[in-house]
Amino acid sequence: MRSLIAARLSGWVNNLLERRQRLEQNHYFRFFLKHQATLRFLTLIPILALGYSAHQNFTSENSMTGFILAAIATALLAVVAWPAPITEVPSPAIRARPQIRSDWRRMLGATWLVGSAIMLAQAFEIFYGLQIGEIPSRLPWDYFAIGWLMLALGAWTLLRGAPIHWRSRPWHLILLGGIVLLALYFRLTEFDSIPFGLWYDEAINGLEARRMLQNTTYRPTFVANMTQIHLWLYKTALDIFGETSIEALRVTSVAFGVLSVIVGYMVGSQMRGPWFGILLAFFLAVMRWAVNFSRIAMTGIETAFFTLLAFYFLVRVLRYHRWQDAAWLGMSIGLGLWFYSAFRFMILALAGYAILKSPFWRPRIIGLGVLVVAVALATTFPLLIFINTDTDAFMARSRQVNILDPANRTSESLDAALWHNIEHHALMFHVSGDRNGRHNLPGEPMLDPVMGILMLMGLGLALRGLHQPENSFFVLVLLFGLLPGILTLEFEAPQGLRTIGVLPAIGYFCALSTYAIARILTQSRYSRSLLGILVAVLLLSAQRNYDTYFEEQARDFDAWHSFSAVPTIMGQYARTHADNAQFYFSPLISYDPSTRFVAPEISNRQQTLRLPDAFPLRVEPETPVVVYLDTSDRWLWQEANRLYPSARFSAITAQDYGFLHDDILFYEIVLQPEDLRSLQGLGTDGRGVLYIPEYGEYRLSTDFGASLYLNGRRISARDSLLLAQGDHLLRVEPPNSALEWRTPDDYSFSPVPAHYLYHDPVSPAGLASRFYEFSTRELDAGTLPADPAALLKDLADSTTVADLERIDPTLDSYFHELPMARPYGVVWRGWLRIEQTGDYGFSLRAIEWAELRIDGDILLTTSEPNQTIYTRQELVRGRHFVEVLYLDTTSHSRIHLLWQPPGEPHFTTIPPGSWTPFQVVVQSP
């Protein structure tokens, strides 16, 4: 049998040799060998033409044709290009060298390591003893930091490392220095204005870092999706550059972005020589995707840095088998795990490369792997303990966006959701990228035309050379880097941040194709000129990335607005006001972290407007008051103009910040004490409004012999009055009589404060409401009764005492503060004054259910939460009785009742003055 197999193998070998001899004698083959450089160059021309045509089809949204042309160009390049060699350094002698130093550094290194073990053990004991929700003090972090530094010093001092074989020459380092300067230019140009605002997540990170700076005992392991190490970097930057400096927060990302360029050169030089490293560093320096996330204070860009750093040391470990490199690899992986979650997927790519490059069953490799894991654990154990102790807190965000959970999917099946996300992420590189203005110019491809085509060609070359583990590694980086986006929410696809792990793969593929093209050009007679053209094209790519980011994206309103520009500007405006001013914000913009970061001094002087009964402000007129209104609260702006004509009103628009359209960003109202005082107190005729701050039983009293009328009815101090929260019609005769009250919490009479008494133009306008808490009426949360209208009508018409009564000026607001625990129902009743007979439009929107009745007729009943419904009704001049029924059993409570009077082009909030809560005829006694 063996002789038969040997004979057959010998026959095959001889057959191959004969075919080779015949091929070498072939005229065409000899012609190809003689002119192969010219033929490769001539083939390069249609390759580049096909690549350009592919880009044109991408931009015209004919993506399928574009991908076909790109595939043809890639296939041709794979045929004509020489395989890029891997720089393998002979290393048997290096591997045979002693791992541990033999001189005085052995004792010093051992001392460092013993000290490290002691400090880390102390830290481990404290961290392990923490309970859920308990924040560690500074002490265990000091132990951990000192222990980790001693570990690094011990590894560097005790262990022998392998030499660095970059084969770099002075001009290589000069070029690298130029690229680093280019990277800094891309990341620091107009750093104080682009991006303009401070995004919500950035502000949260900044507030946590500022809290750490101000409170040395506050050292959370994980909070707001940020780890202690990342927050410590932010804290340090704030300490250096200032507690309110937005640029200080973003310096950390700049540093990681520039460091990834340097490490990219190290990786490229180690793999394929210094010129390949130059190319890889260049693409990482100018790629708009990388630039964007290197300029904002959000975790993400460090994923590229730690992926490249860990790969650099992994290559050295597998080449030289040095313990020192294994220690650096463990530290790189461990530190990477402290940052963005996308790095966890990169560990799979690193493991895949290690398996392909050197099987694990080799004893030395197993020992090195154990050392890597041990050092990585020593670097991450505080975080691992936190994950084990409070898994829910650590995984909360991942569970919110994970489409493996059916509750997070919009598609009917997981397969449909996955296919949707795969398709959108596959197109984001060249056709339509991330629509989020914080991640990208909305809708623009993530890559510029040059880098987009180079990436596809490089991917083709990598697939052709898949037998090289280095190519396989970056293919795995691309695949695993896309997974965080593919496995998350469909409506966010494609997601440039969650897929940021692909950046090293993009840079590598672009460098691989450029390197192949450059090798073909160097064989041409006009190599210098052609290489000059190639350099010009690369610089054109850099210019395109610069223009897109600093011109188009910076001037795009959606991108500008998405960085919390409005609350950032509010903070800037708030800082210009007096130190003793009080601040009030609309609920939707109240206590925004961006405003709080920019203007920390207003935090203790900020309150949320109570909607819908916001004006007049019930405050004592002692200090200035500044009010900021969201654009959805325009009716409050109009009401404030009516009540405070002497105040300073400003509508801040997009034009104020260089945009052509005049969209209003927010409203600012500045009220001086005299403005507030101008409305307070009863009129000279003793008439006015009494504001009741809390629903309950009150008693009112005046001077002996004087008369007191409330809502048209004469009352005395003996009357116990169950009064709704809000404005009530009041008259005192004679006008200068004193007025006292006894509130629900008091046992004696006291003077009514001046800021609870108002005169014209303040009037008791609005709708009277009655709230009923259903949890005491056998209605489960999250459910609707079979007939909600009948239930509410029966309660409102009965003698059942409401759980809450108040007077609301109008019904167009979001319930920022719930009046009571869900589930509950409300019945609003009032009279709508119609000034002109005609056809009136009404719209109703509510979460969760509402119904509108006018003069006993049902006009509108919502069928779905948050759905706006419309109707029209002919109304005659005069008053019309209105009832609005509402149920609240779920989150995001709101109700919006708008109208469109005859001749008006749009639906608007019904003015408070059009409502009357009481049918009162006031007569003099």
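**Salt bridges first**

Let's start with R250 and E202, which form a salt bridge whose closest N and O atoms are 2.8 Å apart. Helix 10 (residues 246-272) holds R250 and helix 8 (residues 200-214) holds E202, so this pair ties together parts that are 48 residues apart in sequence. By helices I mean DSSP runs of H or I with at least four residues, and by strands runs of E with at least two, numbered from the N terminus. Both R250 and E202 are buried. My wording there is: buried is under 20% relative accessible area, exposed is over 50%, and partly exposed is in between, with a 1.4 Å probe and protein chains only.

Before I go on, a word on where this comes from: it's a predicted model, where local features need pLDDT of at least 70 and side-chain atom pairs count only at pLDDT 80 or more, while totals for chains, interfaces and linings use all residues. Residues are numbered from 1 along each chain as its sequence is written, and side-chain values use heavy atoms, with hydrogens and water left out.

So what counts as a salt bridge here? A side-chain nitrogen of Lys or Arg has to sit within 4 Å of a carboxyl oxygen of Asp or Glu. The background is that side chains of opposite charge can pair when their charged atoms come close. By this rule the count comes to 23 salt bridges.

Here's another one: E492 with R498, where the closest N and O atoms are 2.6 Å apart. R498 has 9% relative accessibility, so R498 counts as buried.

Then there's E601, whose side chain meets that of R575 in a salt bridge at 3.2 Å, N to O. E601 lies in the loop between helix 25 (593-598) and strand 4 (606-608), and R575 in the loop between helix 24 (565-574) and strand 3 (582-585), so the pair ties together parts that are 26 residues apart in sequence. Buried or exposed, or something in between, for E601? With 36% relative accessibility, E601 counts as partly exposed. R575 is partly exposed too, at a relative accessible area of 42%. And salt bridges that share partners join E444, R544 and E552 into one network.

**Zooming out**

How many helices and strands does the protein have? There are 28 helices and 28 strands. Of the 925 residues, 54% count as buried. Taken along the principal axes, the C-alpha atoms fill a box of roughly 125 × 65 × 60 Å.

**Some helices**

Take helix 21 (residues 503-522). The expected span of a helix is 1.5 Å times one less than its number of residues. For the 20 residues of helix 21 that should give 28 Å, and its end C-alpha atoms are 28 Å apart, which agrees. Of those 20 residues, 18 are buried, so helix 21 is largely enclosed by the rest of the structure.Over in helix 12 (residues 288-293) we find N292, which counts as buried at 2% relative accessibility. The side chain of N292 makes a polar contact with the side chain of Q553, at 2.9 Å. A polar contact is a pair of N or O atoms within 3.5 Å; within protein, one must be able to donate a hydrogen and the other to accept it, and residues adjacent in sequence count only if both atoms are side-chain atoms.

Now look at helix 3 (residues 63-80), which is where M64 sits. M64 counts as exposed, with 57% relative accessibility. Together, M64, I68, I72 and L76 make a nonpolar surface patch of about 360 Å². Patches are made of residues with over 30% relative accessible area and no salt bridge; like charges are joined within 9 Å, nonpolar side chains (Val, Leu, Ile, Met, Phe, Trp, Tyr) within 5 Å. The areas come from the Shrake-Rupley method with a 1.4 Å probe, and for residues only the protein chains shown count as cover.

N62 lies in the loop between helix 2 (27-59) and helix 3, and N62 is partly exposed at 34%.

In which order do the strands of the open sheet run? Four strands form it in the order 12-9-14-15, and the pairing is antiparallel. Strand 12 (721-723) and strand 15 (750-751) stand at the edges with a single partner strand each, so one side of each is left without a neighbour in the sheet. Two strands pair if DSSP finds at least two bridges between them. Strand 9 (residues 696-702) and strand 14 (residues 739-742) pair over four bridges, with L700 opposite W741.

Last stop: strand 22 (residues 849-854) and strand 23 (residues 857-861) run antiparallel, joined by four bridges. R853 stands opposite I858 in strand 23. The two strands form a hairpin with two residues between them, and D855 in the turn has a positive phi of about 55°.
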